[in-house]
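Here is a short report on chain packing.

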Number of protein chains: 4
Amino acid sequence: MKVSIIGATAYTSRDLIKLLARHPQVEIVHLGGRREGHPAISEIFPELRGICDMPVTGMEPSDAPVRPDLAFFTLPHGVAHGCVPAFLAAGVRCIDFSADYRFDDLKVYEEWYGKHGDPGNVGAAVYGLPELTRSRVAEADLVANPGCYPTSVALGLAPLAADGLIEPSDIIVDSKSGVSGRGNKPDRGSMYCECNEDVRAYNVSGHRHEPEMVRALELAGARGAAVTFTPHLVPMDRGILSTIVVRLTRPAGTADLFQVMSDFYAGEPFVRVLSGEEQPRTKAVAFTNYCDVAAVARQGGRAVVTAAIDNLMKGASSQAVQNMNVMFGLEETMGLRA
Amino acid sequence: MKVSIIGATAYTSRDLIKLLARHPQVEIVHLGGRREGHPAISEIFPELRGICDMPVTGMEPSDAPVRPDLAFFTLPHGVAHGCVPAFLAAGVRCIDFSADYRFDDLKVYEEWYGKHGDPGNVGAAVYGLPELTRSRVAEADLVANPGCYPTSVALGLAPLAADGLIEPSDIIVDSKSGVSGRGNKPDRGSMYCECNEDVRAYNVSGHRHEPEMVRALELAGARGAAVTFTPHLVPMDRGILSTIVVRLTRPAGTADLFQVMSDFYAGEPFVRVLSGEEQPRTKAVAFTNYCDVAAVARQGGRAVVTAAIDNLMKGASSQAVQNMNVMFGLEETMGLRA
Amino acid sequence: MKVSIIGATAYTSRDLIKLLARHPQVEIVHLGGRREGHPAISEIFPELRGICDMPVTGMEPSDAPVRPDLAFFTLPHGVAHGCVPAFLAAGVRCIDFSADYRFDDLKVYEEWYGKHGDPGNVGAAVYGLPELTRSRVAEADLVANPGCYPTSVALGLAPLAADGLIEPSDIIVDSKSGVSGRGNKPDRGSMYCECNEDVRAYNVSGHRHEPEMVRALELAGARGAAVTFTPHLVPMDRGILSTIVVRLTRPAGTADLFQVMSDFYAGEPFVRVLSGEEQPRTKAVAFTNYCDVAAVARQGGRAVVTAAIDNLMKGASSQAVQNMNVMFGLEETMGLRA
Amino acid sequence: MKVSIIGATAYTSRDLIKLLARHPQVEIVHLGGRREGHPAISEIFPELRGICDMPVTGMEPSDAPVRPDLAFFTLPHGVAHGCVPAFLAAGVRCIDFSADYRFDDLKVYEEWYGKHGDPGNVGAAVYGLPELTRSRVAEADLVANPGCYPTSVALGLAPLAADGLIEPSDIIVDSKSGVSGRGNKPDRGSMYCECNEDVRAYNVSGHRHEPEMVRALELAGARGAAVTFTPHLVPMDRGILSTIVVRLTRPAGTADLFQVMSDFYAGEPFVRVLSGEEQPRTKAVAFTNYCDVAAVARQGGRAVVTAAIDNLMKGASSQAVQNMNVMFGLEETMGLRA
């Protein structure tokens, strides 16, 4: 398989390149970006030296030396939809990391992200959370790779939502993210001395991952979901832990919740259900495609669901590789072993 | 003023000693602990060299070379109540850092902490959160210094609770604590390589700070409070950020909440009310006695209240000094300027 | 005492403001900087809210509402020398944090920092390392506050240099600094995700603190010093540990070195000599004006000297306050207790 | 290939298991340790769940269900030599992570580590640094996997030593290690709150990696090497940066040094030579088998050589896999792509 990566200079791409460089069925044929003079990607990310030293060229299909089978887009929201159509038109299947194709309802997208430049392809895109949408991903030409926060929340709640065990209108999500979640723009809020020894909430009045969570929860069977979501930055490189408080629709103990979750994820290679006494930790999933989940019953008919992922992996790059494997009929775990 | 510190070898004492060593009205006359051979406290905490080099002797009133005016107890829960009575009997006023005197209802205490050895003094103890109980602290012989998590939650919610703005039965608390919250016992969970680059929830099925929060919220005017509390460890030395989701009893915007909080804390030297757009951060309160708070209105009649303290300072040592200042009629900020 | 701070928006000033705000003999009367619209300093550093809320106005003597007794300059190298002369001319004593007045040899300065705009005052300035130059600081109108790296190296080596115990031409310095040493400009190298979990050397081919070290060592009695200096960034907020390998001029064991150092620093309030078995640590001096030092004899006639300071305190702000205390005849430790 | 891992519960094994679990030619058939009741390795390291869930059984060859082709020993120094002989006698080739077989001179070993229990095999063991001893590793039955510090120093200096460019008697090494270098025993010095925000030197009066460095440098061609070595702990999980100051035997500029190093390592898959302006960083080699090196000429005939590795990878587990690949004639990079 030949692949392009469009937006190669983002942090996200760095991990994607490492994954693809060791994937036994993939050859990277093209890196597209916006740097002058076509620098090698290993000049931009020196740690890639010896792993991938290809130049970063343009962002058009014609910039690829051969036609790729697949293109990954690691561009910002609102930029991707300007690049994807040309690749689709050239017969290249696409996986987009941005929010541009995650919503089937254009109105919701435009409320949070602004005008959409490629409305025609929105309906055809498949939300690429293989644990929930595997069969549709397999046949898609355009896959919208989910956001990191929604991935953790959807995987944490899907079993209980599918079982009708939770009240969709009363979902409280508190997520803690490593600083890489801010992206790679050097601003004051990203400085070491601002983030180290600090925890802070941000976007408290509303975050655009909230409507995406609603969408993902609907895919998981929770109609009419309403989420109060508060994201936080914690001093670490990578990882997301989402702590979700829900109201149960019928009495259930921690063991019952464990059973429901274990049944739902039986056979899934990348979701590990923990007992609840043992808790998901970001460190246990760092640099992997795993999502660790647990649920604990509380007094008053509540339950606390926790889910941990690596925001740059299952929350971005390795989930994209998982989607690729599904799209092209490869073994789903290929190239993704820890 | 002459003071004793009983339990001098705990992390908490280290900060307390630093605070008292520079307090203009205090002389430390006695450090009590359990180390063989009366080592200097600066052998145990080398960073105290030149600041306090007193020996750590026994834990009885008779171990003090002169009768202190006040004794601080930084002993574990269940140990303090074996030491406090002797000091009270000797006419020494006491500030206890443990949970032993925080509950007026012995039954609640014993459910979470075990048998109480000094039930007679429980009723006389005052819960020492000066912003809520200042006048009673001033006259107390025995002050129970609050827990770190309850301090952050009570200060965050008190203005809204006092105003009747929140539904007491529906309070979701998600707290993030630095690792010093685990104390100074070297176990696996405290190791650098277990905590660094990790976020995890703990005691998810129930934490003994939950009933203390209920008690503190009652002091703040919220009768019948029910709290779903989930504590987390984040990779930093010190600090707590509590993110609290409440249901409002009447419509209110972020500006309204700001007004209620600002009015409530007008004149308080150690609580800073932020706009909500600006958010409390643990870094901004590190090594201080400040509690920073903010409230943001959300859709669906909810609000998100955030509160940040230094768990070792406003959550322990500096709050104890603040209580001392109140008890002895000193200026409340004395020795506590950043 | 009335003081101005010129360059108030630098990280360094933040700590200086905190120190001065609680200093019993100081009143800050003027903050000078370059922000439009005279914002309060607590808008720039929100953690200063309630501690210092003064506006940041202009950088001229006439911007101060009253004539200060002393002005601190926390401006970058090459900028300070444009501001200091006006204050001196107005009869204001000055403490400059930059390198502009640290060298008595203009040629050395200009080789590393460029053209000097105020050569006339260079000769009158005193290098403000009180442990070595106390009596001259007391009478100076202009004190050059030392660099953080040279402070650690000079204090580590001064006793051995003064004793003739080390070979000045063979000094290897390896320093490890927290990220705050980079200043507060948001660039890629200052980003959390670049610094966390990383150690790297920088300016390996030569650092301008090298000639300043030579100068400071000369003040300590080491003529003809030659230093091979390599600075490093380590993932922490603050602190410098300098590890210095020297060649001894005569046989000496670790105990001998300890004796020499202890004698030299007897009575010094801010230098603590450790045994060598016990080693200086940045954490033990964080947020203090202490410098912890130790020396260990090694095979082959070498010794390893280690020195730890807080780069923002003894390496900058608190050393400036110590200099101020000396200049104005105050108790040297005033306002500087841990 | 079938492999055993003896000492499976050490941190080092965790990384080794991950590497071997994804190595295309390896099957782990046996984990040996000392835990009661044969717990699954994924109970001890929960993050291994789904990656390797084998039980930890005994440490004898007979505890393996089939005879392995190779056994890895991740036991402490002084324990390995009690286990290795039985495997060798059973015809199993061995890679030992401890110091037990690293020295050809028993006297040196016993001076630092105590009595050796298997002196007979000491002479036959090969020091497994493939870049220097590849052909001997290929034929060895017993490979001594090098220490982490000596690996970084030997790879940094080998090109210059082989070229006669450095004075072997004047080598100053300052190494900075992540906290995982301390192993996985929970003691006070390993606690998060002791290590975070701290840098400290340790074993300053002499470290047992010093004689091993001398041995490794001799393998690299430096006879009569004398090293003044000072190790440090820095607040990060993993990584070593060694900063080495040497005296050159003839004039050479940075470009000359780069040429010598590039020539020496031409074709080596795991050593990357940097320009010197660009510097090795631990982050760039984290989780990889790379060693990044650079050399910079300084005034006075000195040079500063820097070398970065991941102490748990090239300093332990991945280097062992590299040795395995060499021993069994596999492609040297197999299973080791980033």
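Which side chains of chain B and chain A meet in a salt bridge with 3.2 Å from N to O? They are those of Glu194(B) and Arg281(A). A salt bridge here is a side-chain nitrogen of Lys or Arg within 4 Å of a carboxyl oxygen of Asp or Glu.

The model is predicted; local features need pLDDT of at least 70, side-chain atom pairs count only at pLDDT 80 or more, and totals for chains, interfaces and linings use all residues. Residues are numbered from 1 along each chain as its sequence is written, chains are lettered from A in the order in which they are written, and side-chain values use heavy atoms, without hydrogens and water.

**Interface of chain B and chain A**

| Item | Value |
|---|---|
| Salt bridges | 12 |
| Residue pairs in polar contact (both at pLDDT 80 or more) | 30 |

A polar contact is a pair of N or O atoms within 3.5 Å; within protein, one must be able to donate a hydrogen and the other to accept it, and residues adjacent in sequence count only if both atoms are side-chain atoms.

Contact (heavy atoms within 4.5 Å) links 39 residues of chain B with 39 residues of chain A.

**Symmetry**

Chain C superposes on chain B by a rotation of 180° with 0.0 Å of shift along its axis (RMSD 0.0 Å). The two copies are thus related as by a two-fold rotation axis.

Technical notes: Least-squares fit on C-alpha atoms with pLDDT ≥ 70 in both.
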